[in-house]
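Colleague: Hey, I'm new to this one. Could you walk me through it?

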Amino acid sequence: MDAATQLASDFAALPEIIRAHAAERGAKTAIVGEDGALTYAALDAAMDRIAAALQRDGLAQGQAVAIVGAPSVAYATVFLATLRAGGAATPLAPGSTPEQLAAMINDCGAAHVFVDASAQAALAGQPITAHMIELVSADFDAWLAPEGTRPAPVEIAPADPFNIIYSSGTTGTPKGIVQSHAMRWAHIHRNAAAGFGDAVTMVATPLYSNTTLVVFLPTIGWGGTAVIMAKFDARRFLEMAEANRATHAMLVPVQYQRIMAIPDFDSFDLSSFRLKTCTSAPFSAKLKADVCARWPGLLVEYYGMTEGGGTTILNCTLNPAKLHSVGQPAEGHDIRLIDDDGNEVPQGEMGEVVGRSPAMMNGYHGRPDATAAAEWRDADGNRYIRHGDVGRFDEDGFLILMDRKKDLIISGGFNIYPSDLEAMLRTHPAVADCAVVGVPSEAWGETPVGFFVANGGADAAAILADTNAKLGKTQRLADLVAVEELPRSAIGKVLKRELRDQWKATA
């Protein structure tokens, strides 16, 4: 079946779409990275050799194959080959501790773990039984099936596991999020109008992140070219985007912030860009406006979860009056707001976000209780995923997020949303970045404390006094702490737990 027929169907498996691209556009570059490049024909052949070797080693259909390392062409090829072999690609964050990595490898039941040199050193001596294979090495070449080998065909059903993504672990032990081929097909198929067929997509976030996969997979699925950065650097991104005539990119807010702060940003030729997207963390209206004003192409923000549920979409370029929101529900996505008792709240009131769509996780690997806790069902028994955020819909149906539910501060019986305080702090010209967390208080139960990165010279006491003068009495910050930078995950989320721990250690 040709690629066009597959992409127009109700369901198609990505390995077979790649096979069709190899037959129809084999000479076109599929993936570019700092370790080389592969055409679609070469990618297809490499996937065959890896998949055949995995099957030779006894990989069971649906079994996990773990991958740990910096983004690279080799990494991406193993990920895609795992699918062709019938396995579930399981990319793990190399920044995890060796103990966490070993625990995740053992939890997912992987018999193979592919690593780069750094990850191999980190895992040395850890109690894992998986066969460890270093990417781009003589051992890897020796392990591969001979050139020209094809794996046994695997019939892939929509509900079969496509990948397992482990949560960041910022709120406890990472959980393996099992996502199906149907979910990933929905991500590819819904991008029919996004122009990925002739795209040159900058891949500047880690391959273990859902943020990355929602653009990498459509790029490969539609037959575009993915340009992979091993490590993000703002100036290097601009240089690579200009050199490759990039058309698409997915970046998280802190990456946009760093790129737009480059003094000679306007000297780079970015005229080839058609679509820039963003997700994963709060994206300030001011920064969105700056990107829209100075960077060619549409800017679109997506709000959703790795677990799936509902997605909202905000075309920032076409909705300049709605930049404080995260947009409206995507087509076919049902998003509702509920109170603490699980009842839907009236229009305009705040509630916890729950969502339902074709793109939803199967569940947490081996964690049925955690899966059940993440679900909400409506009166008809339809399954929704709890997003963990608090928000409200405005009169036009745009979702305005307040905060993560777990970050809500209850001080003296009053609800305080850190995002409100952070927004006020950001209006001060001496504040480049900030975060607010709740810390224990004998008088109030909890009280808000701010952390900020200075924009040049700054007097924390003066900023605190100025900010508190503009806040309501119950919202006022108990303290404001200057830091060199905010702790963030690899995809730009502020690690508020680390800030709370930092405060408790010095209080």
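**A quick tour**

Colleague: Leaving aside neighbours within four places in sequence, what is Phe-393 in contact with?

Modeller: This is a predicted model, to be clear. In it, Phe-393 is in contact with Pro-329, Ile-335, Leu-337, Gln-347, Gly-348, Phe-398 and Leu-399, leaving aside its neighbours within four places in sequence.

Colleague: Which strand is Phe-393 found in?

Modeller: Phe-393 is part of strand S20, residues 383-393.

Colleague: And is Phe-393 buried or exposed?

Modeller: Phe-393 has a relative accessible area of 12%, so it counts as buried, the cut-off being under 20%.

Colleague: Changing topic: how many residues of H4 are buried?

Modeller: 13 of its 13 residues, so H4 is mostly covered. Helix H4 runs over residues 73-85 and reaches 18 Å from its first C-alpha to its last, close to the 18 Å expected.

Colleague: What comes just after H4?

Modeller: Gly-86, which takes a positive phi of about 100 degrees.

Colleague: Which residues touch the most other members of the largest nonpolar core?

Modeller: Ile-31, Leu-80, Phe-114, Phe-140, Trp-143 and Phe-216, out of 61 residues in that core. H4 gives the most to this core, with 10 residues.

Colleague: What about the second core, how many residues are in there?

Modeller: That separate core has 32 residues, including Ala-249, Phe-268, Phe-273 and Trp-295.

Definitions and conventions: Residues numbered from 1 in each chain as written. Predicted model: local features only at pLDDT ≥ 70, side-chain atom pairs only at ≥ 80, totals over all residues. Heavy atoms only, no water. Helix = DSSP H or I, 4+ residues; strand = E, 2+ residues; numbered from the N terminus. Expected span 1.5 Å × (residues − 1). Buried < 20%, exposed > 50% of the residue type's maximum accessible area, 1.4 Å probe, protein only. Core = buried A, V, L, I, M, F, W, Y, C linked by side-chain atoms within 4.5 Å. Contact = heavy atoms within 4.5 Å.
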